[in-house]
Amino acid sequence: MKFFFPDSQDLVSPAYDFMRDEYPAHRVRQRDDRYAHEVLDHAPYHGILVSKSIVDGSIKGAGKYTTAQRARMHRMGVHKFFRLPPGVEALGDNGAFNYIDEPTPPVTPAQTLSFYEECGFDAGVSTDHVVFGFTESTDGEDANPDWEARRRLTLRLAEEFMSLCRDRASEVEPVGAAQGWSPATYADSVRALQDMGYQRIALGGMVPLKTREILASLDEIGGVLKSDTHLHLLGITRVESMDDFAALGVTSFDSTSAFRQAFMDDRKNFHTPDRAYVAIRVPQVDGNPTLKRAILAGHVSQTEAISAERETLKALRAYDGSAASRRACLDRLEEYSLVCRTKKSYRDAYEETLAAAPWTRCSCKICRDHGVEIAIFRGTERNKRRGFHNMSVLATKMAQLKSHRSTNG
Ligand SMILES: [Zn+2]
């Protein structure tokens, strides 16, 4: 089972000063900042997934890339741009979620393939249009006609994409996009794509589906799946179901969830192989809009806020695992949260995090280098590093899967 990380230009600054919370002087982001595969001992993924609409922009406006980055990506190619180590695959797609509201995709199969070829992708997903509906009923009576129209359009685009690949003798490995709105229609899409010659098929539109619905679809696909066809799940993690997915022909998936939970989830911020812990929130006085407003309005003294923030960080850095120092951390955290007027109390969750001190037991390079800083929810440098750590935990968990062992010896 292979894991792909969808790129959103998430980098960290290797020389960031955690004590002063300062970037190095003369930092040049693109030259100095590092991707997850550059700050961990091993790339925590088998490949990256890069969407054309993130690079080139789409209907909704500019992508995540600046004009200069976009030009560099086209000039240098995707492998050099990301400084990918050998063996890490670059997979492209259109980023169809960016034009989900349009009647038809604003991009043609020819433009899609040209993007993959110009940037030197190893493989690329055919142009697709996401179906956002699902029913398990077999007669399809409750299906919206637009769902079927989008599914059929996706198949026509895949056919055109494949014939372009053949005409141009493209070096990009074609991956057929399968859309569907029921187990039977997913199976029909896979059958049609195999008939067109696709040996690798990406299943789209499954993100909102329940695990049971994904399994029902995979089960139905199993009825038509050739033994040499590889299935990729777009945007799905659910590690607990990975062995079941693998048994039904899935060989790869992509997801941002392990990374994003580090700073988007309310509780599951710091992952370990057994469970996730809450990260300890110590917002920056400078970077906290609510706190800044309260200071400006005269409700909070700035000096008091800065001193509470400093004392909290000091206590966490001095934490030695003893009950007394745990209590000191919790007290400082509570004082600071009163200054910040945080409504929610995390005290019990923080106690669990501190008692477990999972960063002391993690062997990833990020935890080895930065220790407790990674468990602190504060600013992009700590939060993204914790996301990278989570991805390395995901890689470990995947290496322990039955499906991984059986396909990788
Ligand atoms: Zn770690």
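Biologist: Why is His26 called exposed?
Modeller: A residue is called exposed when its relative accessible area is over 50%, buried when under 20%, and partly exposed in between (1.4 Å probe, protein chains only); His26 has a relative accessibility of 74%, and therefore counts as exposed. This is a predicted model, in which local features need pLDDT of at least 70 and side-chain atom pairs count only at pLDDT 80 or more, while totals for chains, interfaces and linings use all residues. Residues are numbered from 1 along each chain as its sequence is written, and side-chain values use heavy atoms, with hydrogens and water left out.

Biologist: Where does His26 lie, and what is its phi?
Modeller: His26 belongs to the loop between strand 1 (2–6) and helix 1 (29–32), where helices (H or I, at least four residues) and strands (E, at least two) are DSSP runs numbered from the N terminus. Its phi is near 60°, a positive value in a residue other than glycine. Most residues other than glycine have a negative phi.

Biologist: Why is Arg83 called partly exposed?
Modeller: The relative accessible area of Arg83 is 29%, so the label is partly exposed. Arg83 sits in the loop between helix 5 (78–81) and strand 3, and its phi, near 50°, is likewise a positive value in a residue other than glycine.

Biologist: How do you know that the buried residues of helix 9 line one face?
Modeller: The buried residues of helix 9 are Glu213, Ile214, Ser217, Leu218 and Ile221. Seen down the helix axis they fall within an arc of 135°, so they line one face, the arc being that of the directions from the axis to the C-beta atoms. The face turned away from this buried side carries the exposed residues Arg212 and Asp219.

Biologist: What makes the unit of strand 6, helix 9 and strand 7 right-handed?
Modeller: A crossover is right-handed if, with the strands pointing away from the viewer, the path from the first strand over the helix to the second runs clockwise, and strand 6, helix 9 and strand 7 make such a right-handed β-α-β unit. Strands 6 and 7 pair in the parallel sense over 4 bridges, and two strands are said to pair if DSSP finds at least two bridges between them.

Biologist: Why does strand 3 count as paired with strand 4?
Modeller: Strand 3 is joined to strand 4 (residues 123–125) by 2 bridges, and the two run parallel. Leu91 stands opposite Ala123 in strand 4, and the chain passes from strand 3 through helix 6 (residues 109–119) to strand 4 in a right-handed β-α-β crossover. Strand 3 also pairs with strand 2 (residues 47–51), in the parallel sense over 5 bridges.

Biologist: What makes strand 3 mostly covered?
Modeller: Of its 5 residues, 5 are buried, with Glu89, Leu91 and Asp93 on one side and Ala90 and Gly92 on the other.
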